Amino acid sequence: MDKILKKNISYNLIIYLFLFWNAIKLFLIDADPIVQILNLLISIGIYFCIEDIKLEIKNKKRFGFFVGLIILSLTIIRSFLLNSAEDKFYYINLPLGIFALVLTLKPLNQFFEFRNIILISLLLPIRRLFYLLFINLLVPLTKYLTWFVLFILGKDPISYNKSLLFDDVEMIISNGCAGADNLYFVLSAGIVYMLIFRLKNKFNILFFSIFSVLISIIINIFRNTLIAFVVSSNKVYKDNLYNFLHDSYGSLLFSFISVTMVSVFYFKLLDRELVLQK
């Protein structure tokens with residue numbers, strides 16, 4: 001029993017060290033802060049997935065074991081060459097490493113046991129695909145919703161191409177204003193929760209999914225509206241406040257608010273299900 005426990009700890013430790021190494025690399029290459037926060041969420045999700053699993057290699061003579069070692073070695077070597085955020089390998093470094101580690105532990109026909117950590121690790125590269133698929137939808141949606149809120153608040157904005165004109169100010173609704181990162185971060189948190197602390201009621205799952213999307217969009221519209229009032233004000237500190245809300249860590253604040261609201265809502269639904277099951 002002690003030997004099994006030691007093996008469990010050692011193989012868990014290898015995965016934890018790889019997660020830590022990936023986080024360090026993202027920091028060193030100065031990756032986008034939202035990417036680093038997303039990676040933290042993914043790492044926490046993987047941790048909860050494997051903390052109670054006995055990870056032991058039962059057959060080191062498997063072909064898959066050697067293939068896994070080769071892929072892991074190549075992934076680590078390639079990660080050492082990762083020196084810039086322009087090198088998009090950082091998107092696949094984590095899922096490649098996790099896939100290789102799982103391959104050393106289990107043959108392909110037993111991958112189902114580790115499906116959750118593989119799916120969670122894929123959330124990082126899927127972010128780019130999500131961005132490409134939905135940015136063209138989110139930009140006009142964000143623009144017209146922001147226009148509507150500003151109109152309600154008496155700003156009387158004029159829509160022109162990708163801009164909103166009001167109070168002698170032009171506010172350009174660019175890709176960064178569309179809230180794609182905020183929406184994906186919220187959806188990723190929901191996916192991690194559902195894989196680890198699964199909701200069973202289909203209505204709750206649907207309700208939570210709709211709530212997550214709406215909260216993310218509402219918070220982003222609130223952020224854009226706040227930016228609009230900042231840039232149209234006469235305050236001496238408006239430039240610093242604008243830079244914080246638009247270009248600095250201020251955008252992460254709104255993502256944190258969105259995820260907090262979604263998390264509280266999810267676990268209230270989960271608690272309700274657990275109470276009804278008793």
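## Ser263 and its polar contacts

A polar contact is a pair of N or O atoms within 3.5 Å; inside a protein, one atom must be able to donate a hydrogen and the other to accept it. In this predicted model, the side chains of Ser263 and Tyr193 form such a contact at 2.6 Å. That distance falls under the cut-off of 3.5 Å.

Ser263 also has a backbone neighbour. A polar atom of the Ser263 side chain lies 2.6 Å from the backbone oxygen of Val259.

## Setting of Ser263

Ser263 sits in helix α10, which spans residues 250–277. Is Ser263 buried or exposed? Its relative accessibility is 12%, so Ser263 counts as buried. The cut-off for that label is under 20%.

## The cavity

How many cavities of 30 Å³ or more does a search of the whole structure find? The search returns one. The largest cavity has a volume of about 50 Å³.

Two elements give two or more residues each to its lining: α6 (123–152) and α8 (202–231). Helix α6 provides the largest share, four residues.

## What lines the cavity

The lining of the largest cavity consists of Leu138, Leu141, Thr142, Leu145, Ala178, Gly179, Leu183, Ser216, Ile217 and Asn220. By class, six of these residues are nonpolar and four are polar. No charged residue takes part in the lining. Gly179 is on the list, and Gly counts as polar in this scheme.

How values were computed: Residues numbered from 1 in each chain as written. Predicted model: local features only at pLDDT ≥ 70, side-chain atom pairs only at ≥ 80, totals over all residues. Heavy atoms only, no water. Buried < 20%, exposed > 50% of the residue type's maximum accessible area, 1.4 Å probe, protein only. 1 Å grid on protein atoms, 1.4 Å probe; cavity = no way out; pocket = protein on both sides within 12 Å on 5 of 7 lines; lining within 4 Å. Points joined across faces, edges and corners; volume = space filled by probe spheres on them.
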